[in-house]
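I opened the notebook to go through one structure, topic by topic. My notes follow in the order in which I looked things up.

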Amino acid sequence: MENIDITTNINGIQLSSCIMNASGAICRTDIELSNLLNSSSGAIVTKSCTKHPRKGNSYPRYFEWNIGSINSMGLPNYGIDFYLDFLERKKITKPVLISIAGRSIDEISFIIQKSNFCSKISALEINLSCPNLIENKNQGIVGYDFCVVSHFLEKIFRFHEKPIGLKLPPYFRDIHIENMSLILNKFPISFITCINSIPNGIFIDVNKESTVIRPNKGFGGIGGSIIKPFALANVFKFYSFLRKEISIIGCGGIQSGKDMFEYILCGASAVQIGTQLIKEGISVFDRLNQEFSSLLRKKKYSSIDDFKGKLQNIL
Ligand code: SIN
């Protein structure tokens with residue numbers, strides 16, 4: 001039987017499989033990260049970390065139903081020093097992406113500078129799209145403020161040493177993706193990850209006549225299969241506007257090998273899995289790697305380069 005190659009390359013970073021966890025999905029504690037290291041994912045991504053540890057928002061702050069999830073976690077994490085210490089202690093056998101968040105450009109810059117010293121980090125994924133920072137309400141989601149993004153990139157590319165990627169929020173108009181691409185194309189960005197959860201959703205428990213999560217009056221970021229069409233559209237549009245050197249990691253609603261295929265057809269070089277990883281646990285990577293390989297075999301493709309970015313418009 002012909003060998004199917006599901007390896008990929010994110011702007012020079014080589015992955016044994018094109019699937020990894022999404023930041024936030026069971027990647028916060030020592031045990032969770034160790035399990036990811038031992039899994040068949042192609043890379044691992046940490047929970048978005050801040051300068052100091054954060055408890056996050058009040059409970060209940062996560063809920064899932066058959067086709068989606070809602071969260072308002074509020075960036076619970078143990079702080080950058082914990083994640084750097086974890087990496088120093090562990091034998092690292094696959095690329096590690098440190099996800100970085102913060103309440104200000106200065107906080108994020110501080111964490112980037114600290115991460116520069118850790119040889120076990122392959123790249124930084126800077127989270128410009130967290131929808132749940134209640135204390136940042138007036139500032140909103142950074143990725144929606146194009147001037148701030150531009151100013152931020154000017155600043156961090158003065159001192160960065162590691163490859164840098166950005167986790168972006170979903171955009172709903174072409175002009176926004178085009179304008180964001182014009183900004184990103186000016187900087188030596190390695191990759192973008194799109195999309196983060198869709199902000200400002202609400203899910204209702206009819207029996208209790210209440211929201212299902214508590215923080216922020218029940219509003220939160222929506223993930224899971226319900227958001228896949230929007231995420232695919234963002235990947236496809238960014239693929240057409242970005243310089244080809246900038247890789248795209250697709251994220252949003254992946255449940256099967258077929259979903260992975262769709263993302264790569266839209267131009268993604270790799271994919272991340274969030275809600276389904278939380279639902280199914282770490283074995284999801286084995287299943288998805290298998291389903292994806294079988295689909296490629298059936299379609300007579302031998303690697304992702306055979307179909308990446310080749311989505312056709314129906315005639
Ligand atoms: C959170 O911790 O609130 C979620 C992080 C994110 O969506 O970026």
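Which residues of helix 7 are buried? I found Gly-257, Asp-259, Met-260, Phe-261, Glu-262, Tyr-263, Ile-264 and Leu-265. Buried means under 20% relative accessible area, exposed means over 50%, and partly exposed is in between (1.4 Å probe, protein chains only). Helices (H or I, at least four residues) and strands (E, at least two) are DSSP runs, numbered from the N terminus.

**Basis.** I am working with a predicted model, in which local features need pLDDT of at least 70 and side-chain atom pairs count only at pLDDT 80 or more, while totals for chains, interfaces and linings use all residues. Residues are numbered from 1 along each chain as its sequence is written, and side-chain values use heavy atoms, with hydrogens and water left out.

**Helix 7.** I noted that helix 7 spans residues 257-265 and is mostly covered, with eight of its nine residues buried. I then looked up what those buried residues pack against: strand 3 (19-21), helix 6 (228-241), strand 15 (247-251), strand 16 (270-273) and helix 9 (284-298). Contact here means heavy atoms within 4.5 Å. Glu-262 lies in this helix, and I found that it touches Lys-228 and Leu-232, not counting residues up to four places away in sequence. The side chains of Glu-262 and Lys-228 are joined by a polar contact of 2.8 Å. A polar contact is a pair of N or O atoms within 3.5 Å; within protein, one must be able to donate a hydrogen and the other to accept it, and residues adjacent in sequence count only if both atoms are side-chain atoms. After helix 7 comes Gly-267, with a positive phi near 120 degrees.

**Helix 3.** I listed the buried residues of helix 3 (residues 105-115) as Glu-107, Ile-108, Ser-109, Ile-111, Ile-112 and Ser-115. They pack against helix 2 (80-89), strand 7 (96-100), strand 8 (123-127), helix 4 (146-156) and strand 9 (164-168).

I traced an open sheet of eight strands in the order 3-16-15-10-9-8-7-4, with parallel pairing. Strand 3 and strand 4 (44-45) stand at the edges with a single partner strand each, so one side of each has no neighbour in the sheet. Two strands pair if DSSP finds at least two bridges between them. Strand 10 (residues 191-194) and strand 15 run parallel and are joined by four bridges; there, Cys-194 stands opposite Gly-250.

I also looked at strand 14 (residues 220-223), which runs antiparallel to strand 6 (residues 68-71) and is joined to it by three bridges. Strand 11 (residues 198-201) is antiparallel to strand 14 too, with two bridges. I checked Ile-222 in strand 14: it is the bridge partner of Ile-70, and Ile-198 stands opposite it.

**Cysteines.** How many disulfides are there? I counted zero, a disulfide being a pair of cysteine sulfur atoms within 2.5 Å. For Cys-118, the nearest cysteine sulfur is that of Cys-49, 11 Å away. Cys-118 is buried, at a relative accessible area of 3%. For Cys-266, the nearest cysteine sulfur is that of Cys-194, 10 Å away. Cys-266 is buried as well, at 6% relative accessibility.

**Ligand.** Which residues are around the ligand? I wrote down Lys-47, Asn-71, Met-73, Gly-74, Leu-75, Pro-76, Asn-127, Cys-130, Pro-131, Asn-132 and Asn-196, each with a heavy atom within 4 Å of it. The side chain of Asn-132 has an N or O atom 2.8 Å from a ligand oxygen atom, and a polar side-chain atom of Asn-196 lies 2.9 Å from an oxygen atom of the ligand. The protein covers 92% of the 260 Å² of accessible area that the ligand has on its own, by the Shrake-Rupley method with a 1.4 Å probe.

**Backbone.** Most residues other than glycine have a negative phi, and most peptide bonds are trans. I noted two cis bonds to set against this: Tyr-59 to Pro-60, with omega near -10 degrees, and Cys-194 to Ile-195, with omega about 15 degrees. Asn-11 has a positive phi of about 45 degrees and lies in the loop between strand 1 (8-10) and strand 2 (13-15).
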